[in-house]
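Please read it beside the coordinates.

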Protein chains: 2
Amino acid sequence: MRSDCPISFALDYFGDKWTLLIIRDLIFDRKKFYSDFLNSKEGIATNILSNRLKKLESNGIIESKVYEKLKTKKEYSLTPKGKTLVPVLVEMILWSAQYNGDLAIPQEFLHKAKTGKDQLVAAITARLDT
Amino acid sequence: MRSDCPISFALDYFGDKWTLLIIRDLIFDRKKFYSDFLNSKEGIATNILSNRLKKLESNGIIESKVYEKLKTKKEYSLTPKGKTLVPVLVEMILWSAQYNGDLAIPQEFLHKAKTGKDQLVAAITARLDT
DNA sequence: TAACTCACTTGCTTTTTGCAAGTAAGCAAA
DNA sequence: TTTGCTTACTTGCAAAAAGCAAGTGAGTTA
């Protein structure tokens, strides 16, 4: 930790170009496996992905368990601490939406964010437990 | 831009360990000058600071003008695009507050965030124009 | 039991960061 | 007008991180 500043604290967790993309995959795309993250369109390298998954796990943002149906696979999921990142991601999406109209954001998402942001966050969070 | 994902879009602006700290200084500490940012407790290096200020300016997040009282100084300020980052920073602060009780966050901030987040964001944003 | 899948690791190159020192422009006092 | 000071950078070099290609080993399937 570089200081007692909450922004600095948060950046120590996800202040890089890749970590939040993995969390995005977990939250919005319901991805679970190493190969899922690897196939995301930004093209993360295998060693970076491995490093970030380890870091996220040791930081208590995600957890993993052996996938019983196929034991070579590990199934990743968000911890409660990870799930509380939903509001941060939502605000980032809304910020981006203001400055680039060509991004992949469903109209429904923007509408819901405008009419009831808290409910939108709650709905996204609740879906993670299903 | 790495993809049409809004999270990826946002990370292209501030997906690193330093950029958001400069924006934090501008928003919460009302800092204006190179030397102000340099003296922040995280200890940014001069070349990184210079690089990030340039990047923020070319990305339209901040702007700068010569400080008339002392022409060797440049006065930096947030553009409207930069000011709309307030909600993102607020959510990051609230996330951090949940997981570390020793951070420098005023009680009043947390109270206001709980009772009326939108008003808090509006108040912080409005203050930037004074 | 041999080939295959999957999650990683390794080795190497390139890029970014970090640190210390230097520079140039504006300013202030002698 | 010259000297020294402040301020915002730039430069050079070492260390760390990222990117890429190839390899490894455990578990699965034919």
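**Notes on the predicted model**

1. A:Arg30 is found in the loop between helix H2 (19-28) and H3 of chain A. Helices here are DSSP runs of H or I with at least four residues, strands are runs of E with at least two, and both are numbered from the N terminus. Phi of A:Arg30 is near 55 degrees, a positive value in a residue other than glycine. Most residues other than glycine have a negative phi. A:Arg30 counts as exposed because it has 12 C-beta neighbours inside 10 Å. The scale runs as follows: buried means 20 or more other C-beta atoms within 10 Å of a residue's own, exposed means 12 or fewer, and partly exposed lies in between, with C-beta atoms placed from the backbone.

2. On basis and numbering: this is a predicted model, in which local features need pLDDT of at least 70 and side-chain atom pairs count only at pLDDT 80 or more, while totals for chains, interfaces and linings use all residues. Residues are numbered from 1 along each chain as its sequence is written, and chains are lettered from A and ligands numbered from 1 in the order in which they are written.

3. Chain B has its own entry for this loop. B:Arg30 sits between H2 and H3 of chain B. Its phi is positive, about 55 degrees, although B:Arg30 is not a glycine. B:Arg30 is exposed, with 12 other C-beta atoms within 10 Å.

4. How are the two chains related? Chain B can be laid on chain A by a turn of 180 degrees and a shift of 0.0 Å along the axis, with an RMSD of 0.0 Å. The same surface serves both copies, as 100% of the contact residues of chain B recur in chain A.

5. The contact between the chains takes 37 residues from chain B and 37 residues from chain A. Contact means C-beta atoms, placed from the backbone, within 7 Å. On the chain B side, helix H1 (6-14), helix H2 (19-28) and helix H6 (86-99) each give two or more residues. H6(B) gives the most, with 11 residues. This side divides into 20 nonpolar, seven polar and 10 charged residues. Nonpolar covers Ala, Val, Leu, Ile, Met, Phe, Trp, Tyr, Cys and Pro; charged covers Asp, Glu, Lys and Arg; the others, Gly among them, are polar.

6. Which residues touch the most other members of the largest nonpolar core? Of its 64 residues, they are A:Ile7, A:Leu89, B:Ile7 and B:Leu89. A core is a set of buried Ala, Val, Leu, Ile, Met, Phe, Trp, Tyr and Cys residues joined through C-beta atoms within 7 Å. Leaving aside neighbours within four places in sequence, B:Ile7 is in contact with A:Leu20, A:Leu21, A:Arg24, A:Leu89, A:Met92 and A:Ile93.

7. Around DNA strand C there are 18 residues, of which A:Phe33, A:Tyr34, A:Ser35, A:Thr46 and B:Lys71 come nearest. Near means a C-beta atom, placed from the backbone, within 6 Å of the strand. H4(A) gives the most to this surface, with four residues.

8. DNA strand D also has 18 residues around it, and A:Lys71, B:Tyr34, B:Ser35, B:Thr46 and B:Asn47 come nearest. H4(B) supplies the largest share, four residues.

Notes:
Two residues are in contact if their C-beta atoms, placed from the backbone, lie within 7 Å. Copies are superposed by least squares on the C-alpha atoms of residues with pLDDT of at least 70 in both.
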